[in-house]
Structure formats: structure tokens, C-alpha cells
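Please walk through the structure below one part at a time.

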Amino acid sequence: MICDKWPKTVVRIACCLMTLLLLSSVMLPGSARGDEEHFFTSIEEFYAPHIRLGVQTGTSYDVFCSEKFPLSDITYFTSVPDMMLQLKNGSLDGFTTSEVTAREMIGTTDGITYLPEKLDELAICMALPKDDDGLKLQAQLNEFLTRAKDNGTLDAVTEAWLTNDTEHQVTDYQALEAVNGTIRLGTESAYAPYAYIRNGCIVGIDIDLMIRFCRETGYGLEVIDMSFDALIPSLGTRSDIIANGITYSDERAEKVLFSVPYSTEKTVMLVRCPMEKPDFFTSLKDSFVSTFIRENRWQLLLQGLWTTMVISLLSGIFGTLLGFGICLLRRRKNKICTAVTTAYIRLLQGTPIVVLLLILYYVVFTGPSVTGLTVAVAAFTMNFAAYVSEMMRTGIDAVPAGQMEAALAMGYTRRDAFFRIVMPQAALHFLPVYKGEVVSLLKSTSVVGYITVQDLTKMSDIIRSRTYDALFPLITTAVIYFAAAALLGYLVSRIEIRLKPDRVHRCVKGVKML
Amino acid sequence: MISIRHLCKAYEGVTPLKDVNAEIEKGDVISIIGPSGTGKSTLLRCLNMLETPTSGEILIDGESITRKNAKVHLIRRKMGMVFQSFNLFEHMNIIENVMLGPVTLLGESRQAAYDKGMELLRSVGMEHRALAYPDELSGGQKQRAAIARTLSMNPEIILFDEPTSALDPTMVGEVLAVIRALARKGLTMLIVTHEMQFARDVSTRVFYMDEGVIYEQGTPEEIFEHPRREKTRRFVQRLKLLEENLNPGHVDYAALNEHTAQFALRLGLSDRTARYLQLALEETLNGLLLPSLSEEDKLRVTVMYSEKNGSLEVRFAYSGKPAGKVEEMDPLASGVLSMVTESVKYDEQGSTEYPNIIILQMKK
């Protein structure tokens with residue numbers, strides 16, 4: 001029976017893949033822009049009303065743009081690659097960024113350039129927590145940076161990363177010996193050339209400088225990849241230093257300690273420029289190569305999938321167990337038990353999972369020993385348990401009371417009667433819903449990127465941040481999620497088939513029938 | 001075998017069992033009868049602790065099941081129960097239902113349990129449905145399978161909780177036949193039932209339950225033929241009553257007629273019967289009783305209908321001096337009465353409160 005079923009499933013999956021591919025091939029020409037496209041050539045044009053500007057949340061460009069271009073329409077993004085995509089497909093007219101970043105970008109992607117005018121000049125610093133440890137580290141770091149500036153190391157490092165001169169880059173932070181302890185460096189790996197992922201490793205100017213600093217001062221280095229807006233809040237609890245091309249501002253200086261500047265950032269406006277349109281198949285091929293092959297990026301997707309599956313499976317299993325426990329507590333006719341469990345369920349069902357993740361990560365488990373992965377598993381376990389317990393309760397309530405009574409009257413203990421008679425029947429009631437809930441658990445894990453866990457979605461974001469191409473990373477991610485969901489659904493179905501009365505093969509196991 | 005001592009079960013607002021005492025011997029087949037809501041099922045469910053008694057003691061084979069640390073689940077294994085709603089395990093087929101107890105509780109091998117199970121199914125005429133699931137069976141088949149399941153545990157006692165109440169009338173017979181066969185084998189059985197004929201045929205003793213106690217008990221003959229107490233008599237003859245206390249000085253005929261009509265409607269009596277009943281009441285009151293009664297006298301009218309044999313009886317009980325006889329009434333009124341009644345009886349030895357009694361036996 002199962003053997004007959006497999007090909008059907010395979011055919012179904014194949015059909016969906018085909019549909020997705022077809023859809024994407026329709027979308028791809030769509031991403032090409034209309035013929036009468038306007039290319040901005042001078043900054044003066046940006047003073048006109050309703051120019052569409054992009055700003056990354058948490059950056060100093062927010063205030064800068066609204067002051068400098070008061071008539072423009074500003075849209076907020078969480079990452080630079082997102083703005084890049086919007087710029088390329090014409091939804092944005094431009095966004096401000098540092099010249100270093102802009103140079104890096106136009107080196108890796110076609111069809112964009114930056115306007116020659118320097119709009120602003122800002123100091124780039126590292127930041128430390130405002131406490132005694134921070135002060136001590138700040139002194140060491142300032143001493144190092146000042147010396148590096150004086151003896152030309154700083155310029156050499158910057159140059160090595162801007163020209164992609166791998167010989168003079170330092171990347172192996174794992175090799176550091178932690179004689180005086182380990183420094184946790186917070187950064188977002190979507191900000192080339194300061195910090196980005198290459199060949200599955202986080203590299204860049206910031207990492208390079210930190211490695212050199214740690215090597216001199218005898219620290220080990222741990223690099224924690226988190227979203228840019230989480231950097232400053234993480235100081236002191238989850239990171240000791242943050243570096244991500246962070247610009248100095250007075251407002252920020254109230255919250256953190258800044259190091260001496262190690263670079264200056266000239267703000268420029270990134271815009272589209274005319275480009276030769278490659279033919280459809282070439283662009284498809286280029287896109288494929290840059291998404292999967294270059295820098296072994298397919299490995300990132302595999303790692304991400306592994307993380308996603310680990311979180312889903314662990315929290316699926318723990319959540320089911322916890323949910324079962326809560327369900328049992330709730331069934332006790334004890335007022336306190338009922339009140340506590342009901343409160344738990346209402347609370348968890350009424351809290352968005354992202355908020356729960358953030359609370360657990362930044363408020364509850366602030367210690368360094370609790371990793372993002374652990375917090376993710378804990379949060380999804382708690383959340384899943386709330387749903388599972390309600391599901392189980394309805395399932396158990398759906399089994400007539402007479403079933404329990406009949407089992408008790410036969411001489412089963414209450415516990416045996418519950419597990420042998422009530423539970424198998426309740427399971428048949430709730431498993432179909434449970435299956436859907438497992439799949440939606442898998443899908444909802446895609447938000448763990450918020451707390452620095454690099455799951456499948458986060459990995460595809462990272463790839464997008466390098467390729468500035470949405471198509472392949474997103475479609476691939478969707479397909480992988482779909483396949484993983486199908487797999488999980490299939491596993492639950494196996495349990496369901498085992499429990500379901502087999503009305504086709506009527507037989508009694510372990511018995512020679514007459 | 002079973003001793004029930006001062007058993008009491010009270011729920012909030014209602015006390016179905018007030019003080020139940022009984023001794024049940026090995027081999028007894030006891031039918032428990034009585035009106036609905038008199039605690040018959042509650043008594044049965046207390047016996048195997050599906051309901052926890054409020055107070056009192058139950059001994060099974062000398063072992064207390066109501067004691068605090070009693071091994072209830074072990075005592076229950078000696079005592080099978082057959083439910084009104086069958087309660088077959090829905091996720092197993094019939095033979096698995098029958099095998100489950102022996103394999104998991106008695107430690108028998110699956111093969112031995114299967115062989116014995118098939119034997120039991122054969123004895124209840126269900127072996128051809130051994131691989132069916134409960135939802136594929138008729139009610140009668142389910143109940144027979146449930147009986148086989150109960151028997152698979154080799155119980156010494158079987159409790160039947162209204163085993164045929166949920167069945168289609170056409171299926172009652174097949175289930176009763178199975179229980180009859182069991183009764184002949186000498187098993188100790190307690191049967192809560194509304195099947196009077198069956199209770200009479202099968203049992204060694206009958207408990208009539210009412211007012212939270214075993215109101216009357218005896219052999220089937222004693223209970224069904226010669227009940228000693230009024231309520232028992234009413235129940236076994238299936239008497240339905242309409243009772244009215246009237247004021248001789250002022251009888252509200254409209255209300256009386258209304259109540260009579262409702263009574264007749266409830267019991268499904270014909271319009272003519274109802275009309276005759278009203279006539280008999282009116283003529284007797286008007287022509288015979290009221291002229292001789294004073295306002296201080298008490299007067300109670302009871303209409304009694306036996307669902308068992310369809311007889312309808314009107315009883316006037318009153319205080320004061322005895323009224324005359326029907327023959328002494330005016331000819332028109334006595335004519336009407338003789339048209340609608342079969343017979344009239346007089347009695348002057350009623351209760352102290354109502355010494356005088358006139359009984360009209362209505363024509364069918």
C-alpha cells in the first residue's frame with residue numbers, strides 16, 4: 001500500500017516544482033524594466049518631490065535623508081540587499097550608503113553606480129558597552145587602532161578588502177588562542193566589505209581588524225551574526241564589541257562607548273545606470289551560478305536546512321511532550337492546575353512567536369551560555385506545546401466517557417486505561433490537525449533569523465545579500481520548505497496509518513486464525 | 001458474595017441512594033427494577049466503584065472495595081460489567097476487544113486468548129463477525145459482543161446496566177436470550193432492567209428500588225404477583241395516577257376537567273375514555289358526594305390507570321358520614337354512571353383521615 005503511495009507523492013511534488021519553475025520563468029522577464037527608464041545622473045534631481053529613497057532601519061541615514069531630501073518618499077528596509085533588489089527592479093530611485101560599500105556593490109553587480117557627490121562624511125567606529133569591562137576593552141582597542149592608523153596597517157587592510165587581495169586578508173579567527181578570554185564580536189554579515197559571508201565563513205574588514213587586535217592582546221574571538229538593529233541592544237549581554245561599519249552619532253554615544261574611528265565613511269547616493277541586458281538564458285545561468293556555485297553557497301542552504309530541521313524536530317518532539325503534560329494537568333480537576341495551564345495556553349497563543357523569541361533571547365536568557373539555537377528550540381517548544389495541549393484535550397474529550405468506564409470495569413488501572421484505550425482513539429481525532437500544526441511549526445521557524453540563528457531563510461537572505469538577486473534564493477528556499485513540510489507531514493501520516501483500524505486487511509496479529 | 005451495608009450516594013442537590021443494604025449470595029440472579037431516577041444504575045456503578053459512594057461499605061467476597069487503599073482494579077477483574085451503551089473499544093475489531101483483557105490483564109498468550117475468544121463469540125452467536133469493527137455492527141450484535149468481552153475475563157459476578165435499553169425493540173430478544181443462557185450457568189448476576197417479563201423469568205430475586213432504598217425485595221412471584229407495598233404494586237402493574245384534593249364546599253369543575261383531559265392525553269387514552277372519565281367524576285361528585293358532605297370534610301379523588309392491563313379506576317376517599325349508593329341517586333345520573341362504569345365498590349374501612357371510599361371501575 002505504501003509502495004503504491006510513494007510515486008503519487010513524488011509526482012505531486014514534481015508537479016509543484018514544475019509550477020514554481022514556470023511561474024518564476026514568467027516572473028523573470030517581468031523584472032526587466034520598461035523602455036523609457038530614467039537614470040539619475042546628478043544629486044540635484046533628488047531634491048525634487050516624491051523621489052523614492054530607501055533607508056535601512058537602525059542606521060544614521062534615516063535622519064540624514066529626511067533632513068537632506070525633505071520632499072522625498074522614504075521607505076524603510078531591514079537590510080541593504082533588500083534595498084538593492086528594489087533599486088535594481090525600479091521600485092526605488094536610490095539609497096544612500098557609504099562609498100566603501102557602494103564600491104563593493106558595483107563591483108559585484110551590474111546596472112548600478114553611485115553619484116560622484118559626497119553627501120556627508122562620517123566616522124566609523126566600533127562600539128562597546130558602557131560599563132567597566134567596556135572601558136577596559138575600549139582602552140586596549142583605541143591603543144591598537146591608533147597604532148594601526150599610524151603604521152599604515154589600517155589602510156593596507158582596507159585596501160586588501162576593497163581590491164579583493166586575498167593574500168593580505170586575515171580571516172581565520174578560529175585559530176586565535178584565547179589566553180585572556182574570548183571576545184564576542186557582534187556584526188551583521190550582510191554588509192560587505194565590513195562583514196559578509198564568503199565560502200561559508202564570515203569575513204571582512206571588521207573581522208580582519210578584530211583578529212589582528214585579538215592576536216596582539218591574547219583574546220580569542222567569537223563572531224556572532226545578528227541583524228543590524230539588534231547590534232546595540234546586544235552589547236554587554238550577547239556581545240562585547242560590535243563592529244559593522246557603524247557610524248558615530250551623538251545619540252548613539254549616549255548608549256555605547258565608541259572606539260576611535262578606524263575609517264571614514266563618505267556617504268554617496270546609489271542609483272541605477274544603463275546596462276546591457278543579457279539574454280534570458282544567460283541571466284538565468286549567471287543567477288544560478290552566483291546563487292549556488294560561487295563560494296560554495298549551496299553549502300549555506302544545506303546548513304540552513306539542517307538548522308531548520310533541528311529546530312523543527314526538537315521543538316516538535318519536546319513541544320508534543322510538554323503539550324501532553326499540560327493537557328494532563330489541565331484534565332485534573334484541580335483549580336490551580338486548570339488556572340495555571342489555561343493562563344499558559346492563552347498567553348502563548350496570544351503572543352506572536354517573533355516577540356516570544358525576542359523576549360526569551362534579549363530579556364530572559366541573556367547569559368552567554370544560552371545560544372540562539374537553544375532559545376529558538378525553547379520558544380518553539382513552548383509555543384507548540386500550547387497548541388498541542390489544546391488539540392489533545394479536544395481529541396481526548398471526543399472519546400466517549402464510556403470507553404474509559406469499560407476499561408476500568410475490566411480491571412485496568414486508570415493510567416493503563418488512558419494509554420491503552422483512550423489515547424489511541426484520541427490520537428485518531430487530533431492527528432490530522434496535528435499534522436497541519438507540525439507543518440506550520442516548520443514554516444514558522446523561518447523567523448529565527450531575528451535571534452541570530454542561521455536557518456534556511458536566514459541563509460537565503462545571506463546569499464541574497466551577496467548576489468543581490470531574489471529569484472533563485474527565494475524560489476529555492478520555498479521549494480526546500482515545501483519538500484521538508486511534505487517529509488514531516490509524511491512522518492506524521494505514518495503514525496496515523498499505524499493507529500487507524502485497518503479495515504482492508506482484516507487480521508489479528510500474532511494469532512493463527514482458524 | 002456481595003454485602004452492601006448502609007450504602008449512600010449523594011450528589012449536590014440529589015441523593016439517589018440513601019441507605020441501601022443487601023446480601024447477595026453466589027449464584028443469585030438479581031433483577032433490579034424501579035422507576036427512573038431511583039438509583040438503580042447508581043447502585044450498580046457503586047458496586048464496582050465507577051461511582052464512589054458517599055458513605056457505607058461494599059464487600060466483594062469479604063473484601064472491602066470501598067476501603068481507602070483497596071486494590072479496586074484487582075477486585076473489578078472478578079466483576080464484569082455490561083453497559084447500556086455497549087462501550088466496545090471502537091479502535092479494535094470484535095475479536096481484539098475480546099482478546100484484550102485476557103492478553104494484557106490475565107497474561108494469556110494471544111493464541112490462547114484468540115481461541116477462547118472465538119469460543120465465546122460462538123456462544124453469543126457472533127463468531128462470523130469476529131473481524132468486524134464495532135461501528136459496523138447492529139446494536140444487538142454490539143451488546144452480544146460486549147457480553148463476550150465481559151465473559152473473557154472469567155468474572156464471578158456480572159453487572160448488567162440496562163443492557164437492552166439502547167436497543168431497537170427487534171434486537172432486545174437476541175440479547176436477552178444470551179443473558180438467559182448465562183443465568184442458567186450459575187453465574188452471579190445483577191441486572192438493572194425495564195424488561196419485566198424477562199426479570200420475572202430469569203431472576204432468583206427481585207429488588208424494587210424507590211425512595212433511595214431497596215423498597216421491597218423478594219422472589220419474582222412475591223414482587224410481581226403479590227407486592228406487599230403500594231409503590232411496588234403501582235410500579236409492577238404500571239399504574240399511572242392522577243390525584244386531586246377537592247374542597248367539598250366549592251369544586252372547581254373546570255380545573256378538574258382540564259387535569260383529567262391532560263392525564264388522558266399523556267397516557268394516550270381515547271377521547272371517549274377521557275369524556276367518560278369526566279362524566280363519571282362529575283356525576284358522582286354532584287349526585288352522590290357533595291350533597292352529603294360539609295365544607296369541613298376532606299375529599300380526595302384518585303384516577304388510576306394500569307398500563308399493564310388497560311384498566312381505569314376512579315377512587316373517591318372522603319371523611320364525614322358515608323354517602324349513599326349509586327342506586328339511590330336520581331335515575332338520570334345513575335343511568336349515566338352505569339353506562340360508563342363496569343362496577344362500583346364501597347368501603348368504610350379506609351385510612352383514619354379518609355375513612356370512606358367509593359371505587360368506580362371504568363368500562364374499557
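B:Pro134 counts as buried, because its relative accessibility is 0% and buried means under 20% relative accessible area (1.4 Å probe, protein chains only). This is a predicted model, in which local features need pLDDT of at least 70 and side-chain atom pairs count only at pLDDT 80 or more, while totals for chains, interfaces and linings use all residues. Residues are numbered from 1 along each chain as its sequence is written, chains are lettered from A and ligands numbered from 1 in the order in which they are written, and side-chain values use heavy atoms, with hydrogens and water left out.

B:Pro134 sits in the loop that links helix H4 (110–123) and helix H5 (139–151) of chain B. Helices are DSSP runs of H or I with at least four residues, strands are runs of E with at least two, and both are numbered from the N terminus. Which residues does B:Pro134 touch, not counting those up to four places away in sequence? They are B:Leu88, B:Phe89, B:Glu90, B:Met92, B:Ile94, B:Asn97 and B:Lys142, where contact means heavy atoms within 4.5 Å. B:His91 is 43 residues from B:Pro134 in sequence, and their C-alpha atoms are 8.3 Å apart in space.

Chain A has 18 helices and 14 strands. Its C-alpha trace spans about 90 × 60 × 45 Å along the principal axes. Of its 514 residues, 50% count as buried. Among contacts in chain A with a separation of 6 or more, 76% come from residues 24 or more positions apart.

Helix H13 (residues 353–364) of chain A has the buried residues A:Ile353, A:Leu356, A:Leu357, A:Leu360 and A:Tyr361. Seen down the axis of H13(A), these fall within an arc of 120°, so they line one face of the helix; the arc is that of the directions from the helix axis to the C-beta atoms. An α-helix has 3.6 residues a turn, so residues three or four places apart point the same way. The cover over the buried residues of H13(A) includes helix H12 (335–349) and helix H14 (372–397) of chain A.

Elsewhere in chain A, the axes of helix H10 (residues 280–293) and helix H18 (residues 471–499) come within 9 Å and cross at roughly 65°. That makes H10(A) roughly perpendicular to H18(A), a term for angles of 65 to 115 degrees. In H10(A), the residues that meet H18(A) are A:Leu284, A:Ser287, A:Phe288, A:Thr291 and A:Phe292. Their partners in H18(A) are A:Leu471, A:Phe472, A:Pro473 and A:Thr476.

Terms used
Axes fitted to C-alpha atoms, helices over the stretch in contact; angles between N-to-C directions. Parallel < 35°, antiparallel > 145°, perpendicular 65-115°, else oblique.
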